[in-house]
Amino acid sequence: MSERVAVITGGSKGIGRAVALKFARENARLVLVHYDADEVAVGETAALAAELGAGAEGRRVDVSSRGDVELLFKDVMNRHGRVDVLVNNAGITRDTLLMRMTEQDWDAVLAVNLKSVFNCTRAVIQPMMKQRKGRIVNISSVVGRIGNAGQANYAASKAGILGFTKSVAREAAPRGITVNAVAPGFVATEMTDGLSQKVKDAFMQQIPLGRIGEPDDIAEAVYWLCSDAASYITGQTIHVNGGMFM
Ligand code: NAP
């Protein structure tokens, strides 16, 4: 990964931070996209990446905004000349049963989780095609395959990512670009911190390997998909879930 340019959405914390630090160990140049006006988390990730020898910059962009994403990638291209890796990882939840789900709950989750993947991939696909090389990894979820009560919006967004991944993989393959998905199970991050102990215990019961996933478990799979070792793999989904779904 040395000297390659990697854009990681949701790169400030959680799984995105673990992915960033995995790439950082190989001296990649990292663009960490996040949205919170509080820059502390992204600053910490950039500092940790710098300690490992990588160049890392935080960029505050709402990935659900097509215009803002276009500007971001134009700027990245101007400054770095290329994008080798795109990890579409930014995501949110607005959990509630369908009978209580508002249009805003639906729209927000679909915009941040799914439209963002279109926005970023659309912005990067032409430069990657010109390079005749590139790696795109989209972060889905086990919930996109098996569903989850209270997450109809989230599950729809994550299932949508899988269809998108396969279609773009077919389009981009002739130009040497691979497009894959990683579907985490239950991972210890801020996203899952807020769940009640009862919900966490229920998840634990479904995990044959008997532990909650760590962000590093997911980062390993993402990194491998971006390595030369995975050059013959495209349109696939790697499930990293401790056996929760087989
Ligand atoms: P997290 O700790 O809550 O981090 C979410 C990241 O997304 C943050 O960096 C956040 O940046 C960024 N983000 C949110 N809205 C954004 C927006 N509009 N524009 C740009 N960036 C935005 O979540 P996580 O658990 O690491 O999840 C990462 C990905 O894995 C998500 O796609 C999630 O759905 C997926 N996943 C997670 C789990 C799990 O158990 N944790 C399981 C399956 C799949 P700011 O904080 O700066 O806004």
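Is C120 buried or exposed? This is a predicted model, and in it C120 is buried, with a relative accessible area of 1%.

**Cysteines**

If you were hoping for a disulfide, there isn't one: the structure holds zero. C120 is in no disulfide, and the nearest cysteine sulfur, that of C226, sits 15 Å away. A disulfide needs the two sulfur atoms within 2.5 Å.

Helix α4 covers residues 103–131. How far apart should its ends be? At 1.5 Å a residue, its 29 residues should span 42 Å, and the end C-alpha atoms are 40 Å apart, so the two values agree. The helix does bend, though, by about 40° at A111. Just after α4 comes R132, which takes a positive phi of about 60°.

**Rings and charges**

Now for the aromatics. The count of aromatic pairs comes to two. One of them joins F186 and F203: the ring centres are 4.5 Å apart and the planes are at 10°, so this pair is stacked. F186 is in the loop between β6 (177–184) and α7 (190–193), while F203 belongs to helix α8 (residues 197–205), so the pair ties together parts that are 17 residues apart in sequence. Both F186 and F203 are buried.

| Charged residue | Ring | Distance from ring centre |
|---|---|---|
| K22 | Y223 | 5.3 Å |
| R60 | Y35 | 5.0 Å |

In the case of R60, the charged end is the part that sits over the ring of Y35. K22, for its part, lies over the face of Y223.

**The nonpolar core**

What about the inside of the protein? The largest nonpolar core has 31 residues, and those touching the most other members are I8, V19, F23, L30, V87, V182 and V222. Which elements each supply at least two residues of this core? They are the helices α1 (14–24), α2 (40–51) and α9 (215–225), along with the strands β1 (5–9), β2 (29–34), β4 (85–88) and β5 (134–139). The largest share comes from α1, which gives seven residues.

Definitions and conventions. Residues numbered from 1 in each chain as written. Predicted model: local features only at pLDDT ≥ 70, side-chain atom pairs only at ≥ 80, totals over all residues. Heavy atoms only, no water. Buried < 20%, exposed > 50% of the residue type's maximum accessible area, 1.4 Å probe, protein only. Phe/Tyr/Trp six-rings, centres within 6.5 Å; stacked < 30°, edge-to-face > 60°. Helix = DSSP H or I, 4+ residues; strand = E, 2+ residues; numbered from the N terminus. Lys NZ or Arg CZ within 6 Å of the ring centre and 35° of its normal. Expected span 1.5 Å × (residues − 1). Bend = angle between axes of the 7 residues up to and from the residue. Core = buried A, V, L, I, M, F, W, Y, C linked by side-chain atoms within 4.5 Å.
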